[in-house]
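Subject: Structure for you to look at

Dear colleague,

I am passing on the structure below, and after it I set out what was found in it. Please read the notes with the structure open beside you.

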Number of protein chains: 2
Amino acid sequence: MIKMLNLITLEHGSGGKKMQSLIHELFLRHFDNEQLNSQEDQARIPFDTLIAQGDRLAFTTDSFVIDPIFFPGGNIGKLAVCGTVNDLAVGGAIPKYLSVGFILEEGLPIQDLEQIVIAMAQTAKEAGVTIVTGDTKVVAKGACDKIFINTSGIGVIPKPLQIGARQIKAGDKIIVNGTLGDHAVAILQARNELALSGSIKSDCAPLNLLTQPLLAQPGVHAMRDATRGGVAAVCNEIADMTKLGMLIKETALPLHPEVTAVSEILGLDPLLMANEGKAVIFVESAEADALLAHLRTLPYSDNAAIIGEVVDSVEGVFIESLYGARKKLLMPTGEQLPRIC
Amino acid sequence: MIKMLNLITLEHGSGGKKMQSLIHELFLRHFDNEQLNSQEDQARIPFDTLIAQGDRLAFTTDSFVIDPIFFPGGNIGKLAVCGTVNDLAVGGAIPKYLSVGFILEEGLPIQDLEQIVIAMAQTAKEAGVTIVTGDTKVVAKGACDKIFINTSGIGVIPKPLQIGARQIKAGDKIIVNGTLGDHAVAILQARNELALSGSIKSDCAPLNLLTQPLLAQPGVHAMRDATRGGVAAVCNEIADMTKLGMLIKETALPLHPEVTAVSEILGLDPLLMANEGKAVIFVESAEADALLAHLRTLPYSDNAAIIGEVVDSVEGVFIESLYGARKKLLMPTGEQLPRIC
C-alpha cells in the first residue's frame, strides 16, 4: 500500500516534492525499469539494440479519454498501452518503448490511479514493451474528467517487411481476428445507458502477440486496427487511398450474440463500432486460408474469419447479404459513441 | 481560410468523415510533410538518417494544459513544441521528430485551433523538427478545458556526448541563458489576476538553438530546463541525485524588472517560477567564462549569466545575499501557479 493522501491534489502536478513522491511511490514502483528510474528528462536508447531488429523506426501517438475509466475487460490504462502497441503492431513494427503522459483531475482517488498504473505495467509486460519516459499534469476539479492518458510508442520495422495500404490489390482477402464491436458494447453497458445487463467484455488486447507471428508467414499486405469508426472506417479509408472496392460478407462477420442483440435493439451497426483488439488484415488470396488457420492458433484470435475481399469491379465498400443483395457501407460521419477510447 | 463549421463538434473526433476533413484541411495543410501525409497509423523513419547524427535515441513526452491558451509571447501550440524540443535539447539530443496528440473540447472555435496549429508549425520549423504523427480526440463540453496537447519527441544524441547529472562535480559553475520567471509572470498577467498590467512576454522558445552550438564547445556537464518548480526544482533535484550542494548568488540572477516587481508585491520567488525557454547549465569551472561568452552570441541568450556554483561544503541549495547571508532554497512543495504549462 502506498502512503499518500487519498486524492490527487494540484500539488501532485507542481514539479515539487509531492510530484516527486507520486513519481517514486507510484510510477517508478510499478513501471520499474532502468530508463525511467534514471529520471532524466528523456529516455536514452542505444541504436544498436534497435538496429539489430530492423531498419526503420516506427513512431505513433494516441490519447485516451474513455468514459468510464474502468470497464469490463480493462481500464483506461490497459487501453492506453494496447492502443499505441496496436498502432505500431498493425504497421508491422515490433513495439519496443512507450511514453506516458497523464492529465489528472484534482480529486481523483490515488487508489484509482494506482489500479490504472498497475494495469499499464501488466499490459506493457504482456506486450513486451517498456514505459521509459513520462509526464504528469494535474488540473483543477472540473477542468478535465478524472484522467486522460497519452501514450506514444516507438517500434522497429524488420528489414524485409513492406506492408501498407499501397501493397493491397484486387483479389486480396480481408481477415479479422475475432468478434466485432465487443469494446463498444462493453462500454455502453458499463455506462448503464442500456436497460440490458450483459456479460460482454472489451476486446482490449495487445495485437503484436498475433501480428508478429503472422508476419513471419508470407502473404500479409496491410493491417489496420479497427478502433473509432470500426471496420467501416478502416475499409473506407483504404478504399479511398487505393481506389479499390471491397465486398464484405454479412454472414461471415464474427459477432458475439450480445453485440447482435444490442445492435438490433439500438439500430447500431457492429461494422461501425469501435474495437480495441481487432486487426483488419489484407492478405494475398492464395495465402488466405493458411494465414487464417495460423492466426487461429495465435492469442486473441479464436474467432478469426475471412470477412470479405478487395475488388476492382466496384468503387467503395459494400456489404453483401446472404442472398447477394448489396448495400453500400459508408464512411461513418457522426459519432456513434463519444469517448469510446 | 478553411471551410468548416466554426466550432469543434464531437464528430470531429469520431474517426469518420468530419475527422478526416479536420485532418486534411487543418493538420496536413499546416504540418505538411511526407510522413504525416502518408496517413498510416505510424510514422516510419529509416535508421540510416538517425545513425548519421549519433548513436543513441532520445525519447520524451510532455502534456500541456496551460490556462489561458493564448498569452503574450505564445500560445499552447508554441509551448507544446518548445516544451518537448527543450526536454530533448537539455539532454544533449538533436531534436528530430514530434508526435502531437490533441484533446479538444466540443465548442472550441476552429479558428483558435488553426492559430494554435500554425504556431506549432512555425515553431517546429524554427527548431528544425518535423511533426510526423498525430491523434485527435474530442470530448463533450465541460469534460476538458478548451484544448490539451501532448507532444512526444525523438532526438539523436551525438556519439561522443556524455552529459547528465552524474557528470556534475564540485566547482562546476551554474549558468542560465537569461531572465527568470518571465513565463510565469506573463501567464499571471494574461489571467488578469493581477491589478498590474505589464508588457512582459513568456520566454517560450526552442532551446536547441542554443544547446547544440554550446555542446560543440568543451565543458558542459549537464543541462535541465527550468519549467515547473523553476530553478529551485532543478537545483534541488540535482543536489538530491548527486549529493552535492549548490550556492546561488542572489545578485547574479538575471531578472526582468517586472518580474522583480510582481515577486515583491505577491511574495513569490522568481527561483520557483516556471520558465519555458531557460536552460540551467552546469559547466566545468575553467570553461565557464568562455562558455558564457559563447552562449551570449546564441539565440535567446542575451541575458545569460553565471548564477552560482556546485559545492561539496554544504548539503542542499542555498541562496547567498549580497552580504553573504545564506538561506536554504527548498524543493517547492506547493503549486505557485496551477496550469502554468
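Chain B puts 83 residues and chain A puts 82 residues into the contact that the two chains make, where contact means heavy atoms within 4.5 Å. Between chain B and chain A about 6300 Å² is buried, and carbon and sulfur atoms give 57% of that area; buried area here is the accessible area, with a 1.4 Å probe, that two parts lose on being put together, summed over both. On the side of chain B, the residues that lose the most area to chain A are Phe47(B), Phe59(B) and Arg228(B), which together make up 14% of what that side buries.

Please keep in mind that this is a predicted model, in which local features need pLDDT of at least 70 and side-chain atom pairs count only at pLDDT 80 or more, while totals for chains, interfaces and linings use all residues. Residues are numbered from 1 along each chain as its sequence is written, chains are lettered from A and ligands numbered from 1 in the order in which they are written, and side-chain values use heavy atoms, with hydrogens and water left out.

One residue that meets both chains is Arg224(B), which touches Gln39(A), Glu40(A) and Asp41(A) as well as residues of chain B, among them Val90(B), Glu237(B), Met241(B) and Lys278(B), when residues up to four places away in sequence are not counted. Arg224(B) belongs to strand 9 (residues 220-225) of chain B, and helices (H or I, at least four residues) and strands (E, at least two) are DSSP runs, numbered from the N terminus. Because its relative accessibility is 4%, Arg224(B) counts as buried, the term being used for residues under 20% relative accessible area, with exposed for those over 50% and partly exposed in between (1.4 Å probe, protein chains only).

Turning to the domains, the assignment for chain A gives domain 1 (10-157) and domain 2 (165-328), with bounds that come from an automatic or database domain assignment. The contact between them takes 21 residues from domain 1 of chain A and 24 residues from domain 2 of chain A. Their centres, taken over C-alpha atoms, are separated by 27 Å, and the two domains of chain A bury about 1800 Å² between them, 62% of it on carbon and sulfur atoms. An unreviewed UniProt entry carries the annotation "domain: PurM-like N-terminal" for residues 51-157 of chain A; UniProt positions are given in the numbering used here, feature names are shortened, and annotations may be inferred rather than shown by experiment.

In chain A, strand 5 (residues 94-105) and strand 6 run parallel and are joined by 9 bridges, where two strands pair if DSSP finds at least two bridges between them. Val100(A) stands opposite Gly134(A) of strand 6. From strand 5 the chain passes through helix 5 (residues 110-127) to strand 6 of chain A in a right-handed β-α-β crossover, meaning that, with the strands pointing away from the viewer, the path from the first strand over the helix to the second runs clockwise. Strand 6 (residues 130-139) of chain A is mostly covered, with 8 of its 10 residues buried. In helix 5 of chain A, by contrast, Gln122(A) is exposed, with a relative accessible area of 54%.

Helix 6 (residues 182-190) of chain A is largely enclosed by the rest of the structure, because 8 of its 9 residues are buried. The cover over these buried residues includes strand 3 (70-71), helix 4 (76-90) and helix 9 (257-266) of chain A.

Finally, some backbone details deserve a check on your side. Most residues other than glycine have a negative phi, and most peptide bonds are trans. A cis peptide bond with omega of about 5 degrees joins Asp67(A) and Pro68(A), and another, also with omega of about 5 degrees, joins Asp67(B) and Pro68(B). Tyr300(A) has a positive phi, near 60 degrees, and is partly exposed at a relative accessible area of 38%. Arg339(A), also not a glycine, has a positive phi of about 55 degrees, and it counts as buried at 11% relative accessibility.

With best regards
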